Protein chains: 2
Amino acid sequence: MRILGVDPGSRLTGYGCIDLMGRQLSLVTHGTLRLSNTSGKAVIPLEDRLLSIFHGLTEVILKFQPKVMVVERVFFAKNAVSALKLGQARGVVVLSGKVHSLQIVEYSPTQVKQAVVGHGHADKEQVAKMVQLLVGQQKFSTYDASDGLALAICHAQMARLGIMQGVQVHAKRKRMSMAEAVGANRIAANPGIKKDRST
Amino acid sequence: MRILGVDPGSRLTGYGCIDLMGRQLSLVTHGTLRLSNTSGKAVIPLEDRLLSIFHGLTEVILKFQPKVMVVERVFFAKNAVSALKLGQARGVVVLSGKVHSLQIVEYSPTQVKQAVVGHGHADKEQVAKMVQLLVGQQKFSTYDASDGLALAICHAQMARLGIMQGVQVHAKRKRMSMAEAVGANRIAANPGIKKDRST
């Protein structure tokens with residue numbers, strides 16, 4: 001199963017693509033779409049940036065032929081203006097996947113950090129480090145690229161652990177939170193990964 | 001000049017298209033894209049609704065060949081969740097226009113109401129009534145359709161009055177607000193339209 005994770009933003013949109021073959025993860029590609037001048041203010045109109053996201057992701061999808069697109073589920077933003085901007089970029093990202101018949105999957109930021117790092121409070125650097133442990137040493141253009149990969153890895157973890165249903169049953173039986181159950185399963189499936197103190 | 005106004009929403013997206021020939025407005029079409037079950041909860045996933053917006057607007061654009069797309073500029077929303085939903089629909093609307101090389105133009109809700117009704121506090125019913133005075137009696141499927149037409153009419157008004165630059169100079173000279181200046185210009189250009197008490 002080839003999985004594309006995308007971290008949408010109106011200035012930087014990161015993506016990462018992996019293959020899940022049996023229980024093995026392997027890296028396909030990762031990168032960042034730079035949509036505005038990185039120095040100083042964004043002078044490129046939002047509509048042009050949205051078109052760049054669409055064209056950029058279309059190129060990635062046609063080249064690497066993923067079957068699933070994973071996008072972060074977002075519930076909050078600094079304010080309405082940033083929520084609207086993020087929403088517009090996210091809408092175009094999701095559309096890019098749908099236009100090419102990709103299955104769209106969403107996970108919350110906490111689920112992604114749980115699945116990749118083992119706890120829901122990891123910062124971007126910790127996520128990037130853990131992603132590299134899983135797919136090999138990388139030079140990420142931005143944290144958006146490593147976050148994109150983390151989304152793809154999260155879905156792979158969920159898929160290979162037979163989540164979500166399995167975890168829900170497990171959590172219920174053991175009276176664990178979903179987060180704890182995901183973390184426990186992740187560690188059981190990756191004995192090489194040290195148990196994080198917070199799990 | 002053929003102008004398409006679009007009022008984006010994740011459940012209902014309205015559109016209206018007009019021709020501006022010299023100083024004359026004429027109706028081309030209007031309608032509503034229904035993206036979810038209107039009865040009860042929306043059971044259609046958001047990604048499918050975004051694809052429907054893209055396909056629906058693409059069909060309208062290819063059929064009627066507008067040159068300009070007008071979309072409301074939004075600054076606020078009830079909460080982050082609704083801002084994100086609206087943002088996603090809006091992003092796909094704008095992209096639909098950009099993909100077909102339409103010029104994208106934005107006006108604030110106040111500017112639209114000013115240009116169409118004459119004051120910035122009009123409700124949707126007043127806007128729909130005024131739109132009908134300008135393009136003839138219509139049966140609108142939803143207020144989203146009449147709001148779409150209002151956006152297109154707003155741009156036509158702005159274009160034929162030589163706005164925005166002219167209004168800015170006018171407002172500065174007369175020490176009027178932009179809203180007052182737009183209203184004053186609109187009434188000067190449409191002597192048949194009664195001056196609203198709030199302008």
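Over all chains of this predicted model, the count of salt bridges comes to 12. One of them joins R73(A) to E106(A), with the closest N and O atoms 3.4 Å apart. Because R73(A) lies in the loop between β4 and α2 of chain A and E106(A) in strand β5 of chain A, this pair ties together parts that are 33 residues apart in sequence. R73(A) is partly exposed, with a relative accessible area of 29%, and E106(A) is likewise partly exposed, at 30%. The two residues belong to a network of salt bridges that links R73(A), R90(A) and E106(A).

In chain B, the side chains of R90(B) and E106(B) meet in a salt bridge. R90(B) sits in helix α2 (residues 80-99) of chain B and E106(B) in strand β5 (residues 103-107) of chain B, so the pair connects parts 16 residues apart in sequence. R90(B) is buried, with a relative accessible area of 4%, whereas E106(B), at 31%, counts as partly exposed.

A further salt bridge pairs D147(A) with K124(A). Since D147(A) lies in helix α5 (residues 143-160) of chain A and K124(A) in helix α4 (residues 124-135) of chain A, parts that are 23 residues apart in sequence are tied together. D147(A) is buried, with a relative accessible area of 12%, while K124(A) is partly exposed, at 41%.

| Salt bridge | N to O distance |
|---|---|
| R73(A) and E106(A) | 3.4 Å |
| D147(A) and K124(A) | 2.4 Å |
| R90(B) and E106(B) | 2.7 Å |
| K98(B) and D48(A) | 2.6 Å |

Within chain A, five strands form an open sheet of mixed pairing, in the order β3-β2-β1-β4-β5. Strands β3 (24-34) and β5 (103-107) of chain A stand at the edges with a single partner strand each, so one side of each is left without a neighbour in the sheet. From one strand to the next the twist averages 20°.

Strand β4 (residues 68-72) of chain A pairs with β5(A) in the parallel sense over five bridges; in this pairing V68(A) stands opposite Q103(A), and the bridge partner of V71(A) is E106(A). Helix α2 (residues 80-99) of chain A lies across β1 (2-7), β2 (12-21), β4 and β5 of chain A, and runs at about 170° to β4(A).

L4(A) is found in strand β1 of chain A and is buried, with a relative accessible area of 0%. Setting aside residues up to four places away in sequence, L4(A) touches several residues, among them Y15(A), V60(A), V68(A), V70(A) and A152(A).

Technical notes
Residues are numbered from 1 along each chain as its sequence is written. Chains are lettered from A and ligands numbered from 1 in the order in which they are written. This is a predicted model: local features need pLDDT of at least 70, side-chain atom pairs count only at pLDDT 80 or more; totals for chains, interfaces and linings use all residues. Side-chain values use heavy atoms; hydrogens and water are left out. Two strands pair if DSSP finds at least two bridges between them. Helices (H or I, at least four residues) and strands (E, at least two) are DSSP runs, numbered from the N terminus. Axes are lines fitted to C-alpha atoms, for helices over the stretch in contact, and angles run from 0 to 180 degrees between N-to-C directions. Contact means heavy atoms within 4.5 Å. Buried means under 20% relative accessible area, exposed over 50%, partly exposed in between (1.4 Å probe, protein chains only). A salt bridge is a side-chain nitrogen of Lys or Arg within 4 Å of a carboxyl oxygen of Asp or Glu.
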